[in-house]
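Here is a short briefing to read alongside the sequence and the model. Please keep the viewer open as you go through the points.

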Amino acid sequence: FLTKIESFFVSPPSTRFLSTTTITRISLLQSRDDNQNNNDPPTENDDKKYNVSLLLIDHYDSFTYNLCDMLAQLTTEPPIVVAKDAIDSASLFDDENGSSSFFDQFDGIVLSPGPGTPQEQPPLSHLAISKNPDVPILGVCLGHQLMSLAYGGSVDRAPVPIHGQDHRIVQRGPVLATPRYPSLFRDLPSSFRVVRYHSLCAYDLPKDLTVTVKSLDDVVQGIQHVTHPHYGVQFHPESIGTENGMALLENFGNQMLETSSSTSTVSSSDNTQSSSRFRVMVHKISSSPSTSSPLQVFEKYYAHKSHTIWLDSSSYPSRGELDIMSTSSRPEDIIEYHLDDNDIGTDILSRLEKELFENDEQGVARDNTAENLPFNYRGGFLGFLSYEVRHDTQRYLKRLERGVLNSDNTDDTMVERDNKKNGNGHSESERRVPTAAFFLARQSMVYHHPTDSWFLIGLVEDDNDIKKNIEWMKTVDADLMMIAKNNESSLKNETQPYNYSPNSRRSSIEFVPNRPRTTYENDIAKCHEYIKKGDSYELCLTNKLEAYIDANVSTFDLYRIVRKVNPAPYSAYLRWNLPSDYTGNQNKKLYDVPSPTSLVICSSSPERFMSVSRQQPHPEIPSYLQAEAKPIKGTCARVIAQNGICLSDAEIREDDRRARSLELSLKNRAENLMIVDLLRNDMSRVCKTGSVHVSKLMDIESFATVHQMVSTIRGTLSDSNNSIDLLRATFPGGSMTGAPKISTMDILEGLEQNVDRGPYAGCIGYLSVNGCMDMNIMIRSAAVTPSEKKDGEWKVSIGAGGAITALSDAEDEYEEMLLKARAVLESVEKWVDIIDDDKMMEVDDAEYTISKSADVFAKS
Ligand SMILES: C=C(O[C@@H]1C=C(C(=O)O)C=C[C@H]1O)C(=O)O
Ligand SMILES: NC(=O)CC[C@H](N)C(=O)O
């Protein structure tokens with residue numbers, strides 16, 4: 001038997017570079033590894049053209065790192081990114097004559113886009129323009145507006161706000177004087193299409209500024225100073241939808257080269273060798289596996305455990321390939337995190353990083369087992385992050401950008417939060433449900449759908465573990481053989497399906513939205529105001545629908561219904577602090593009794609937030625870690641069969657028509673494009689220069705109740721970054737925030753009345769010991785927690801929302817929010833019906849249909 005248990009021993013990679021907030025760190029984050037041999041995709045410029053030092057001032061936009069990445073492809077050293085408020089003006093200048101050793105380091109300056117008006121920006125960017133007449137400066141969008149203002153023009157609302165749409169611009173000849181420096185648009189077509197993200201624009205430009213391009217609606221889209229090498233573009237050259245963006249930046253680079261004097265050097269970290277904590281054992285089950293379904297296996301081994309997770313691909317064969325299930329009962333392997341209790345350095349991501357990657361930069365980076373298994377998971381941490389972990393990631397990124405010159409990093413985000421929360425009286429029980437929680441899956445069962453096979457994965461820390469794992473593998477192997485046999489013999493006498501008829505009775509449960517319809521629609525109006533002012537381009541506004549259940553329940557029954565009603569590739573069931581006597585024996589059903597810290601998540605998410613996988617397209621090329629996001633933006637209702645009756649031909653055609661019109665919709669395409677640009681930005685922070693690319697733009701995927709528009713963005717992780725760095729750079733998923741992320745999240749917090757989103761809008765998934773990862777976006781999910789009102793009562797909470805843009809209509813958006821909640825909401829109703837009927841039934845064999853209208857809250 002032993003020969004069947006293959007054990008993989010993994011080789012030690014190099015030490016991790018820990019978070020020092022210095023220039024070196026910032027540069028390394030974006031640096032290109034010149035030794036890289038991969039070609040995913042081939043980076044555009046292997047010969048860096050410009051040996052210049054570039055300053056990029058970030059106005060806290062979600063597109064800054066797209067500019068950074070493109071510029072880094074042109075320069076020998078990546079730009080130094082400095083936050084707009086990182087440096088106070090006093091420390092910029094060495095003497096009264098205004099000489100500045102800070103600005104003197106740079107051959108060129110780029111002013112990023114950003115939320116808000118140019119008038120309200122701190123002095124750094126204004127000073128950059130006024131104190132550097134001979135240094136090439138490029139202002140993008142807000143940066144362009146800052147330049148217009150600095151030279152005496154005015155900036156005010158544009159005729160209409162335009163975000164994420166491409167428009168034609170046309171070059172104009174010089175009107176008054178020919179500028180001294182060449183145009184940014186030289187050698188470019190006289191007219192091409194560019195993406196716009198702005199609510200404001202420049203007016204009344206002084207004669208020192210020449211207008212270089214305009215859009216057809218007569219808005220100034222480009223300026224150039226007549227005597228200084230200072231340029232501005234109102235549109236976004238870094239957007240995926242802009243033509244000639246790189247060529248434009250190259251023209252700017254040429255300008256820098258001509259005026260450049262200095263060169264910069266950046267030191268790099270040394271790579272010390274050290275060893276990894278875990279080794280991995282894998283056993284492939286030999287029995288005929290198709291007869292033991294993941295559901296059966298989960299019920300048998302895990303459904304009653306106090307801490308357990310099933311990462312389920314309930315929609316297979318349409319997307320989603322892997323099921324992972326595990327449990328833990330060792331207190332030392334269970335990490336529970338409460339945001340409000342955390343101290344610096346003990347936040348959840350730092351904890352996980354320490355567990356996974358201490359002495360081991362990217363996990364088992366040189367893991368040579370990749371080719372042996374058809375998937376990336378090798379055991380590791382399973383768990384979830386609530387949306388509120390954003391406070392940690394936001395703080396981390398802010399420090400990184402501010403840390404360049406200031407060692408004194410006063411941490412305002414947590415203070416702000418404390419103040420808000422104190423005024424808000426959060427109940428004790430709510431506080432005790434963790435903000436994030438993970439356990440170390442030392443023994444996992446993995447089902448790979450495409451090959452219809454079960455794998456057992458065991459982690460090994462010491463030799464004792466090897467023995468334990470072998471015992472476990474033997475037992476499970478024998479067990480599964482038994483299940484398979486029993487299944488075969490009982491195949492003919494299947495239990496009668498439970499006939500659930502949605503109209504036969506009205507469920508006794510009542511969901512109440514956190515903010516009623518009028519408030520929600522009012523919030524949408526407020527979003528429009530923020531957009532018009534230029535404070536946001538797109539906001540993912542959400543609401544919570546809550547209901548209470550005072551009854552004995554089996555939360556696993558709810559999950560069984562959810563996965564049937566709404567099959568989805570990133571579905572998951574999590575139970576936390578919730579032991580049960582439920583043994584998986586259908587005839588002996590026992591119930592879950594909540595403790596004050598219990599949490600159950602039933603997720604049927606269609607959306608991947610972020611994954612890391614090991615790629616090796618060719619045996620001679622070293623493998624590399626690929627990050628992938630698949631953000632969804634754009635939703636429309638499907639035509640749904642009623643009471644199990646098939647769709648007519650006309651209905652099928654109508655369903656198809658809806659998918660096509662989603663694909664063509666200007667509003668949805670703009671929403672999607674903005675989030676694609678945002679994810680490119682977030683991933684560029686930790687990926688190799690030039691590697692971030694969009695591999696699928698605006699694909700339509702169809703689920704039980706909705707058609708969705710999905711894009712795929714990929715990049716190669718830099719050698720100094722691991723999956724935790726990727727989470728720090730990208731969490732929470734941009735599709736749940738909108739853009740720009742920071743300003744938009746702050747606005748949303750107010751509109752959502754400081755109510756925590758909780759697990760909703762966060763993520764659930766795995767962080768594997770080999771550096772791989774897969775996390776969903778926690779939507780279309782129910783969170784079940786103990787009620788704060790009454791002992792023994794449960795609270796079920798379903799979050800739902802949608803992106804608000806300048807093009808949104810309040811009524812439609814409210815309906816869209818309900819539409820998204822619908823599948824899970826009806827699952828809960830069905831579950832409650834079963835509880836009310838006290839029916840012992842085969843949930844899995846029941847016929848489920850979804851009612852036609854989302855009328856559950858029509859009253860509210
Ligand atoms: C906010 C939700 O979904 C998000 C918003 C979407 C949209 O605006 O079209 C689509 C998918 C999700 O990223 C939700 O399901 O609650
Ligand atoms: N993308 C941007 O830089 C936007 C600039 C400014 N906030 C506007 O809306 O016009």
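**Ligand 1 and its surroundings**

An oxygen atom of ligand 1 sits 3.1 Å from a polar backbone atom of Ala803, which counts as a polar contact (a pair of N or O atoms within 3.5 Å; within protein, one must be able to donate a hydrogen and the other to accept it, and residues adjacent in sequence count only if both atoms are side-chain atoms). The protein covers 100% of the 390 Å² of accessible area that ligand 1 has on its own, with areas taken from the Shrake-Rupley method and a 1.4 Å probe, and for residues only the protein chains shown counting as cover.

The model is predicted: local features need pLDDT of at least 70, side-chain atom pairs count only at pLDDT 80 or more, and totals for chains, interfaces and linings use all residues. Residues are numbered from 1 along each chain as its sequence is written, chains are lettered from A and ligands numbered from 1 in the order in which they are written, and side-chain values use heavy atoms, with hydrogens and water left out.

- Side chains reach oxygen atoms of ligand 1 too: a polar atom of Tyr760 lies 2.6 Å from one, and a polar atom of Ser735 lies 3.4 Å from one.
- Ligand 1 is surrounded by 18 residues, where near means that a heavy atom of the residue lies within 4 Å; the closest are Glu607, Gly634, Thr635, Tyr760 and Arg780.
- β25 (632-637), β32 (794-804) and α18 (810-837) are the elements giving two or more residues to this shell, and β32 has the largest share, 5 residues. Helices (H or I, at least four residues) and strands (E, at least two) are DSSP runs, numbered from the N terminus.
- By type, the shell of ligand 1 holds 7 nonpolar, 6 polar and 5 charged residues. Here Ala, Val, Leu, Ile, Met, Phe, Trp, Tyr, Cys and Pro count as nonpolar, Asp, Glu, Lys and Arg as charged, and the others, Gly among them, as polar.

**Ligand 2**

- Among the 14 residues around ligand 2, Gly114, Gly116, Cys141, Tyr197 and Leu200 come nearest.
- Backbone N or O atoms meet oxygen atoms of ligand 2 at 2.9 Å for Leu142 and 3.0 Å for Ser199, while one of Gly534 lies 3.0 Å from a nitrogen atom of the ligand.
- Ligand 2 exposes 290 Å² when taken alone, and the protein buries 100% of that.
- Two or more residues of its shell come from each of α4 (142-150) and β7 (191-203), with β7 giving the most, 4 residues.
- The shell of ligand 2 divides into 7 nonpolar, 7 polar and no charged residues.

**Domains**

- An automatic or database assignment sets the domain bounds: domain 1 is 50-259, and domain 2 is 279-397 + 408-431 + 454-845.
- Their contact (heavy atoms within 4.5 Å) takes 29 residues from domain 1 and 30 residues from domain 2.
- Together the two domains bury about 2500 Å², 57% of it on carbon and sulfur atoms; buried area is the accessible area (1.4 Å probe) that two parts lose on being put together, summed over both.
- On the domain 1 side, Ser62, Tyr65 and Ile240 lose the most area to domain 2, together 24% of what that side buries.

**Backbone geometry**

- The peptide bond from Phe731 to Pro732 is cis, with omega near -5°; Pro732 lies in the loop between α16 (723-730) and β28 (738-739).
- Ala739 and Pro740 are also joined by a cis peptide bond, with omega about -15°, and Pro740 falls in the loop between β28 and α17 (741-751).
- Cys141 is not a glycine, yet has a positive phi of about 55°; its place is in the loop between β5 (137-140) and α4.
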